[in-house]
Amino acid sequence: MLRNKSCFLLALLIMMMPTIAVATSYNGDHSFDGTHRNEVSGYVVGGSNVITGTFVGFEASYVRHLSSHWRVGGDAQMQFCKQLYSIDATAGYCLPVKYGHLYLDGKVMYNRYNRWNFNETIINLSATWESAYVDFRLGESLIHYQSVGDGYTEPLTLTFGIGANIRHRTNPWNIGLFFRNYDDFYYENWNINWGIRWYAPLPHDMRLFGEFNIRPAGSMSQLATKYEGSVKLGIKYKW
Amino acid sequence: MKLSRNTIILAALVAIGLSSCDKVSPIGVLVSGTAVEDRVKMSNLYYQKYLEEDKAALVEDEYTFLIGADSHVTTDPGRMDEMFALGLEADDLLYAHLGDIADTKPQYYITLDSLISEARGRYIEKHYDVKENGNYYPIGSDPNDPDNEITPDDLIFPFFPVVGNHDITHNGWAMWSNIFHSSFYEFNVLVKINGKYEVDHFIFLDTASGTLGKTQVDLIEEGVLDGDEDEEGYHYRHTFVFGHTNIFRPSSMQFASTFAREEQFFLLNQFKKWNASIVFCGHVHAWDEREFEGVTYLTLDSMSEDNNPNPGDYLVRVHVKKDGTLSWEKVHMNYTRKKK
């Protein structure tokens with residue numbers, strides 16, 4: 001089972017290679033653009049989940065670019081029906097390289113799954129390589145969840161993800177695909193999310209963005225069955 | 001940058017090719033065979049129609065039962081045969097299997113079906129005598145008491161499996177359900193001690209797809225598996241839950257549970273609500289034992305001779321004693337693959 005998963009990831013890496021070779025230098029999507037030190041964004045999320053049925057929620061994010069390399073930020077969300085409330089703090093270092101940007105990020109996250117009376121704390125460290133058209137992330141998560149009576153700490157969990165856009169990342173609009181085992185407020189194990197992401201320009205340093213996210217249950221030989229589908233729609237503003 | 005269409009197609013074909021083998025559906029990431037929703041609907045219909053009225057076993061003493069996981073039967077069913085022999089020798093009340101019973105090829109299921117028929121025959125031979133009219137009665141009981149008379153069709157071989165992910169690849173559900181019928185059911189074991197009844201509850205879940213699915217969640221929330229504790233005016237002494245997909249991860253070298261976060265929490269709460277004594281899982285092919293909120297979780301290693309060629313402690317036997325106390329032990333298997 002492990003060998004097949006490794007082969008699949010290897011094949012995806014092979015798929016990326018021609019793209020990497022011809023990528024050009026650009027200003028990274030998450031790096032300091034030299035002008036706007038602050039970014040604020042928010043989105044509405046709605047979807048359907050096997051356990052909770054239909055759900056809706058709101059998210060808000062803030063990023064402060066301290067320098068051309070360092071940035072800090074925080075995110076929060078409320079998802080109704082699921083009764084999921086989350087908050088996190090992030091810090092990252094950006095290292096521009098010729099064909100892209102290398103980001104080293106740390107995140108500390110707290111999730112309150114109120115419906116089941118569970119609290120979850122996650123520490124994640126990731127390295128993201130972002131080129132003009134593709135991005136690739138590898139990392140590790142330490143996940144601990146706690147109910148009223150007991151707690152459990154997962155052994156270290158691999159974080160992985162890739163994404164690809166059809167246009168150069170500096171283009172005002174874009175659309176692409178992603179394939180990963182995490183989302184903004186969870187890190188899974190071998191459960192893989194995949195879907196479509198896009199963004200489009202709005203006036204006054206604003207951007208419209210969205211995602212259509214399929215979250216299957218199980219993975220690979222578990223014959224992935226639908227677990228959750230969701231749509232995000234949001235606005236980002238820089239100043 | 002130009003990403004050639006041919007490059008993308010080639011890479012996709014390589015990815016599909018590399019992920020293809022007998023055990024992995026090449027498009028399994030994207031689509032399912034018989035989905036959990038349909039499996040549970042079929043299982044529940046069968047359970048309601050054929051099993052619900054005949055779902056209690058009666059014992060008058062302490063009893064044991066034997067559990068195995070991930071036998072992945074192919075051409076050599078030696079370990080499954082050994083499990084049946086061990087249960088027969090120890091007079092276990094029942095067998096439970098935690099899924100991935102066979103790899104999904106028709107010939108493997110023909111082998112498995114024959115094996116189960118033989119085990120059933122040995123079980124009946126040990127526990128029943130035949131009357132002149134062709135009906136059976138339990139050995140040691142009064143053959144002239146009509147209450148003891150059982151027709152051949154009503155003889156139950158107490159082997160209770162759940163479905164695993166490898167049982168459903170390549171439309172394996174058609175073969176699995178043809179033999180075992182239901183992957184979602186429950187029954188009671190009534191223990192008559194000093195004229196009074198104690199009741200233990202056995203629950204079997206379909207977790208083969210890494211999710212219960214909406215139908216199964218709804219049925220669980222409706223209380224379909226809660227049993228008839230309140231109606232009959234007794235309280236369950238013990239509840240045992242059996243499923244394929246592991247809840248906890250044995251170590252960082254093994255696969256984690258593939259239940260998504262919300263489902264993991266739903267299940268942990270549900271096991272607590274059922275007041276489960278032990279939850280049994282398989283799937284990950286590694287042993288794990290832990291307690292969470294008063295519930296014991298045992299994840300069994302694979303009993304398959306392919307995965308574990310050497311003899312080892314791959315089964316678990318649970319002892320339910322007269323006074324209601326529980327204990328369990330690992331059971332050693334000796335069978336090794338025949339040399340070709």
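This is a predicted model: local features need pLDDT of at least 70, side-chain atom pairs count only at pLDDT 80 or more; totals for chains, interfaces and linings use all residues.
Residues are numbered from 1 along each chain as its sequence is written, and chains are lettered from A and ligands numbered from 1 in the order in which they are written.

Entry on the chain. I looked up the elements of chain B and found 9 helices and 14 strands, where helices (H or I, at least four residues) and strands (E, at least two) are DSSP runs numbered from the N terminus. Of the 340 residues in chain B, 43% are buried, a term for residues with 20 or more other C-beta atoms, placed from the backbone, within 10 Å of their own.

Entry on α3(B). I checked helix α3, residues 78-89 of chain B, whose 12 residues reach 16 Å from first to last C-alpha, close to the 16 Å expected (the expected span is 1.5 Å times one less than the number of residues). I noted R79(B), M80(B), E82(B), M83(B), F84(B) and G87(B) as buried in α3(B), and what covers these buried residues includes β2 (63-68) and α4 (106-127) of chain B. After α3(B) comes D91(B), with a positive phi near 60°.

Entry on α9(B). I found that 10 of the 13 residues of α9(B) are buried, so α9(B) is largely enclosed by the rest of the structure; among them are F265(B), F266(B) and F271(B). Just after α9(B), I recorded a positive phi of about 55° at N275(B).

Conventions:
A residue is buried if 20 or more other C-beta atoms lie within 10 Å of its own, exposed if 12 or fewer, and partly exposed in between; C-beta atoms are placed from the backbone. Two residues are in contact if their C-beta atoms, placed from the backbone, lie within 7 Å.
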